[in-house]
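Thank you all for coming.

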Amino acid sequence: MIGGFIFILYLGHLFIWGMIVVIQILMAKELFALAARAQREKQLPGFRLLNWHFFFTAMVYVYGRFLSKQLVNSISSDRILTQLFSGYIKYHMLICYSMYIIGFVWFILTLRKRSYHYQFGQFAWTHMILFVVFTQSAFTVANIFEGIIWFLLPASLIVINDIAAYICGFFFGRTPLIKLSPKKTWEGFIGASIVTVVSASLLANLMGRSLWLTCPRKDLSIGPLYCDPGPLFKPKTYELPSWFPFREVNILPVQSHALVYGLFASVIAPFGGFFASGFKRAFRIKDFGDSIPGHGGITDRMDCQMVMAVFSYIYYQSFIAPLNVTVDEMMDQILRTLSVEQQMELYRELGKVLL
């Protein structure tokens, strides 16, 4: 699995997105099955298909919102593709709303006497899955296209924190941390926090020197990437006191942001695991599924990752993403909101101004 993950990272952004979609489908499958009752399902043909209709609707909406800029950049050089997808981009909200309304009407028409309680429970369950699971994990894809580092660094920190918490808890654990997870200890929690924060700085320094990991992908292509890494990924030299064994040190500015990621991954993200533990206790199950032999289901491995993905996206957009409007963003707005006639008018007006 580790080798396959590294290979997907090597293939690039589009393939990582594909991996996330597969993970989301497997998670949804596990969670749909968790509350399903086989006997009731037999009496409601097509009801399970309705859940997947809502799932697909959420996928079209979320990824259409997150990746509209990359889609525009991919089709803008081809006149036929531009005409084909311009309607989808312009009417994206209407298309998604129409898909949802179709599902809503479909649900009403499938209601059966003596199954109302079960069907409405499944309806609520489906929307909970889409909100808590799908929407949160979809933020991961937005992070990927801003630069693989904004996906790989947070995900790696969650893994490091889990491993460090286990090791520190195994050797030094004495004091229980939380009743939901009896095996968690304060010693493991604190030790993992220290390891994770230190690892965050070291990993950011390592990953920040790779253009493949730091350059944003502005379209849906799979070719090589070249970009100006920006000030975050250009090392700065700091002089140290004379009593240090070396006089200066080179630090990437991104390492300061990595410390925040490390703190969140070690202090807040574990509560996603605690939430999952309480959830499983409520359903009296050990694991969400058996997709990964010996490790349970995909959902068991992604509980903390979902919390981290949302934080990574919000933190990046709030404190790291450039605030100035770029030419690419202006082109995105023009192609998405103006008709062909309006674009031609804008072209002529710009010609008058610039000549």
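How much space lies in the second largest pocket? About 1200 Å³ lies there, where a volume is the space filled by probe spheres set on grid points joined across faces, edges and corners. A pocket here is an open set of points, on a 1 Å grid over the protein atoms alone, where a 1.4 Å probe fits, with protein on both sides within 12 Å along at least five of seven lines, and lining residues have an atom within 4 Å of a point.

Please keep in mind that this is a predicted model, in which local features need pLDDT of at least 70 and side-chain atom pairs count only at pLDDT 80 or more, while totals for chains, interfaces and linings use all residues. Residues are numbered from 1 along each chain as its sequence is written, and side-chain values use heavy atoms, with hydrogens and water left out.

The second largest pocket is lined by 41 residues, and Lys69, Glu146, Tyr316, Pro322 and Glu329 lie nearest its centre.

Turning to the cysteines, the structure holds one disulfide, meaning a pair of cysteine sulfur atoms within 2.5 Å. Cys215 and Cys227 form this disulfide, with their sulfur atoms 1.9 Å apart, and the link is left-handed, with -90° about the S-S bond. Cys215 is buried, at 0% relative accessibility, whereas Cys227 is partly exposed, at 26%; buried means under 20% relative accessible area, exposed over 50%, and partly exposed in between, with a 1.4 Å probe and protein chains only.
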